Amino acid sequence: MKLKLLTLALLLPALLTACGGSGSSDSASAGDSENQLIALGETLFHDTNLSLDRTQSCATCHDPDHAFTDPSINGSGNVRSASVGDDGVSLGDRNTPTALYSASIPEFTYGTHQRFNSPREDYVGYIGGQFWDGRAATLEDQAGGPPLNPVEMNMPDKATVVARLRENVSYEENFTELFGANIFDDIDEAYLAMTQAIAAFERSADMSPFNSKYDKFLRGEYEYSPVSKAALGKARFFSQQFTNCATCHQLRPNGNEGETFSNYEFHNIGVPVNTGLRTANGSDEGFTDTGLAAIDAVSDEPDTSELEGKFRVPTLRNVGVTAPYMHNGVFQSLDTVIRFYDRHLTNSTNGINPETGVEWAAPEVAANVSFPELRQGTALSENDIEGVVCFLYSLTDEQYEHLLPEDAEECGL
């Protein structure tokens with residue numbers, strides 16, 4: 001299954017025609033409509049009335065003050081591994097990813113792409129899509145999911161969502177102006193219009209600011225001190241010899257602006273079950289999250305078993321301030337994540353999970369682990385690990401640098 005990505009550029013001519021404009025000759029009008037659509041989407045993104053009990057919006061789990069992730073704390077004093085639903089009780093099974101830079105995620109497809117700073121061959125397989133498993137092909141598809149998800153915003157159907165929209169006079173005015181006077185005559189079309197507005201907001205420049213220290217370095221506005229831990233980590237990250245980071249977390253050739261630090265491949269990296277989360281959300285005994293293998297878009301594959309346990313590679317942007325980590329939020333610190341990867345390398349001394357004090361738990365899905373990628377490189381020293389963490393801190397957007405942990409002060413940033 002391959003859906004056509006409905007970009008804002010493609011959408012605007014239709015909107016302008018509906019408003020009585022030409023769509024091609026009036027650039028000022030096009031800009032006004034684009035801004036109006038983005039503003040509408042931002043308002044919808046923050047609207048708790050689009051959940052059943054009117055307690056939850058997109059921004060509840062994608063908090064703009066916390067890099068568009070969920071900063072809520074559990075009973076143990078840690079950031080929750082998964083978000084609580086509108087009913088105040090329901091708990092999901094996956095960690096809330098950042099909504100920042102989601103516009104860079106390609107439409108879900110099967111294809112190939114070049115890898116950089118990696119001795120591995122070019123990747124062939126599924127790429128992109130929204131959510132950890134790629135089940136939403138586009139941002140519009142993704143935006144339509146949470147309102148109807150029973151463990152998220154919990155609305156019973158699209159008609160109820162549209163009825164909530166029509167309670168707001170401003171929405172009535174904006175929707176009819178942007179999408180046509182009869183937009184609310186068709187429930188599906190009105191619901192689609194809502195998702196298009198939210199997607200336009202997520203595609204806006206503010207949602208992909210590219211203003212971290214790394215971005216400033218590329219523009220000649222910042223220099224990594226040669227003797228800093230961050231500079232060491234940067235060298236290690238982009239090295240073909242020492243690490244495997246860039247194999248999956250580099251999209252463009254070195255030095256190119258717009259690097260999102262994910263090539264959006266799908267991999268099983270051997271992440272263990274988050275037993276605490278499973279206990280808290282009451283998952284059925286024996287439940288296995290098979291990730292990519294369970295989505296409708298791959299259902300026509302003759303054998304989906306080879307896809308089990310695979311999840312889309314996330315962006316590393318703002319990773320220093322968006323704990324916990326992995327698709328199920330099983331790890332609390334970046335240091336743990338780096339050691340989790342390092343354990344696969346020859347002569348690694350990281351056989352113990354520092355958060356549990358015991359050996360790493362077994363993968364939730366033992367088959368299909370991406371050992372060729374994971375075993376590339378050499379074991380890291382303690383200085384190397386600290387350096388890589390420091391470099392990852394430098395991928396934090398300027399407005400979120402105040403959220404970095406205390407050890408960032410030792411990075412020389």
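What radius of gyration does the chain have, and what would a compact globule of 413 residues have? The chain comes in at 22 Å, and a compact globule with 413 residues would sit near 22 Å, so the two agree. Keep in mind that this is a predicted model. Along the principal axes, the C-alpha atoms fill a box of roughly 65 × 55 × 45 Å.

On the inside, buried residues make up 53% of the 413 residues. Looking at contacts with a separation of 6 or more, 68% of them link residues 24 or more positions apart. The secondary structure comes to 14 helices and six strands.

How confident is the predictor? The chain has a mean pLDDT of 93, with 93% of its residues at 70 or more. Residues 1-23 are another story: the pLDDT there is below 50, though the stretch still has 42 contacts in the model beyond near neighbours in sequence.

Now for the second largest pocket, which has a volume of about 490 Å³. Its lining counts 24 residues, and Ser81, Asn274, Gly276, Leu277 and Val330 lie nearest the centre. Helix H11 (275-281) and strand S6 (358-359) each supply at least two lining residues, and H11 gives the most, with four residues. Here is how that lining splits by class:

| Class in the lining of the second largest pocket | Count |
|---|---|
| Nonpolar | ten residues |
| Polar | eleven residues |

Terms used: Residues numbered from 1 in each chain as written. Predicted model: local features only at pLDDT ≥ 70, side-chain atom pairs only at ≥ 80, totals over all residues. Heavy atoms only, no water. pLDDT = per-residue confidence, 0-100. Contact = heavy atoms within 4.5 Å. 1 Å grid on protein atoms, 1.4 Å probe; cavity = no way out; pocket = protein on both sides within 12 Å on 5 of 7 lines; lining within 4 Å. Points joined across faces, edges and corners; volume = space filled by probe spheres on them. Nonpolar A, V, L, I, M, F, W, Y, C, P; charged D, E, K, R; others polar. Rg over C-alpha atoms; globule rule 2.2 N^0.38 Å. Buried < 20%, exposed > 50% of the residue type's maximum accessible area, 1.4 Å probe, protein only.
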